[in-house]
Amino acid sequence: MARSILHDYADRMNLSAWAETQRATFTPNRIKIEILAGLTVALALVPEAVAFAFVAGVPPLVGLYAAFIVGLITAIMGGRPGMISGATGALAVVMVSLVAVHGVEYLLATVVLMGILQVLAGVFKMGKFIRLVPHPVMLGFVNGLAIVIGLAQIGQFQVPGTATPDPHSFLPNGDWLPTPDMLMMIGLIVLTMAIIWGLPKVTKVIPAPLAGIGIVAAIVIGFGLNTPIVGDLASIKGGLPSFHIPFTTSSEPVYGVFKFEGSETGFAPIPPLNLETLYIIFPYALILAAIGLIESLLTLNLVGEITNKRGGASQECVAQGTSNIVTGFFGGMGGCAMIGQSMINVKSGGRTRLSGISAALFLLAFILVGSQWIEMIPLAALVGVMFMVVIGTFAWNSLRIMRKIPWTDAFVIILVTVVTVLEDLAVAVVVGVIVSALVYAWNNAKQIRILQRDSIRTPGATVYEIEGPLFFGSTDGFAELFHPEDDPEVVIIDFMRSRIVDQSALQAIEDLAAKYQAKGKTLKLRHLSRDCHTLLTKAGQLMIDSEDDPDYEIAADYNVRTGIFGGGH
């Protein structure tokens, strides 16, 4: 099975077919658009990666290396061209406790294990389960993430270096900028947003976000305005990421040295390769893998709606896992899809893998040779870009339709939005899916009903035609529809408009048959669909005298064997 899955994946990654497609797709104008979109994304990635590294409690370059490696690999082999991945806050808030207790090396080992779990999820095609996420949950996810992105920018209105990471709070806790600097910051943000809004009405030669960053940066540098810049957060200067095995087979304590240019030297114990280490890192790896895949697959669907693309969930799982395995061996903190940067890329015209690849390469160039220029970019310009992302990401139509949709769907939208902001994305989506499933089960439980008529084929018998699914939620209502003491000697239940779904339904049928048997009466089943026939046969409840075809064309009446599941309790 695994071999066939890998074979299918290899077919999808056929490089010769991909190259042929790209030759037909790329034109000089398309290449320009993709590269400029990648540059815009790379500029927006820098403060995000640095900030998330601080949240996780690791050096800034650990976040930047993750953004480069994860972004590059997922751009090359991911399931949705145009989607951007990198270090994210959703993962950083989980990592912080691991780093605080055990150190950076344990985080790197956890990221490798996280990647392995994600690859396995892709190989066994578990990404397809994302289709179970209802649309109200998607709307809540989008709205919640837009709010989280907006709240993350509030920290830029505070004096750089005064805030302390707090994963349990979504509001910054630093010192606010002085009033003149605050007004300057707000003015530059408004200017950036105005440029991004107005430029596409005049020209689309370059992406509006890139133009906004460039114009505002030129004004700040040219006039020497006093406003926070990227360099105030941290230095992004460094070298190429180096290969490093984040575990050891030695029985003696071994320490890794983290010495990045522009950062302090740090020492962290390298975890030994044993079951004790696995016991420590596996829970974190499992949570990180789940959060990463949920955010990536939901972003994949969102980008797919904008670009009219479908599929690729399993391929994206493999790509995310591969990127995290590699980044764990090269000193990165791991990552997943980034909805904010993906929206920047798509709104800037990025539609192919080239935009994601160029974004990762630009980011590496910033680290290696361009740090002195990138560090001069005002944070206000980048905050303005992210605020426009918030406006474009938030599903404003969800507010308009609140009074037009079922109140349960409206409740799910609000619930997922709030949980996303207060907790995290994975918890919000799981809660939303559970609530939606319970609502669906309750609504279906109320659909069970019967139509009573006399049997034509069996004189003296009564036929009950069941309508609605018979499952755990409808069994009580099903049992209340029958009155064995008042029915004739033979009762036939017709399942033409119904389905027997689960063990609760099997138990309900057996209990009902036992009640009729106790009264000296017979209960028969008619018009079982093939799946219901198979389910009942496997349970041993059907008394079949000969081979038959359980299709609607043959209305065989089946006796029910009791005593299979015992009592009803």
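Buried means under 20% relative accessible area, exposed means over 50%, and partly exposed lies in between (1.4 Å probe, protein chains only). The model is predicted, so local features need pLDDT of at least 70 and side-chain atom pairs count only at pLDDT 80 or more, while totals for chains, interfaces and linings use all residues. Residues are numbered from 1 along each chain as its sequence is written, and side-chain values use heavy atoms, with hydrogens and water left out.

**Exercise 1.** Identify the contact between the side chains of Arg30 and Glu34.

*Solution.* Step 1: a salt bridge is a side-chain nitrogen of Lys or Arg within 4 Å of a carboxyl oxygen of Asp or Glu. Step 2: Arg30 and Glu34 meet in a salt bridge, with an N to O distance of 2.6 Å.

**Exercise 2.** Describe the salt bridge of Arg453 and Glu465.

*Solution.* Step 1: their closest N and O atoms are 2.7 Å apart. Step 2: Arg453 lies in strand S5 and Glu465 in strand S6, so the pair ties together parts 12 residues apart in sequence. Step 3: Arg453 is partly exposed at 30%, whereas Glu465 is buried at 17%. Step 4: Arg453, Glu465 and Arg497 are linked in a network of salt bridges.

How values were computed: Helices (H or I, at least four residues) and strands (E, at least two) are DSSP runs, numbered from the N terminus.
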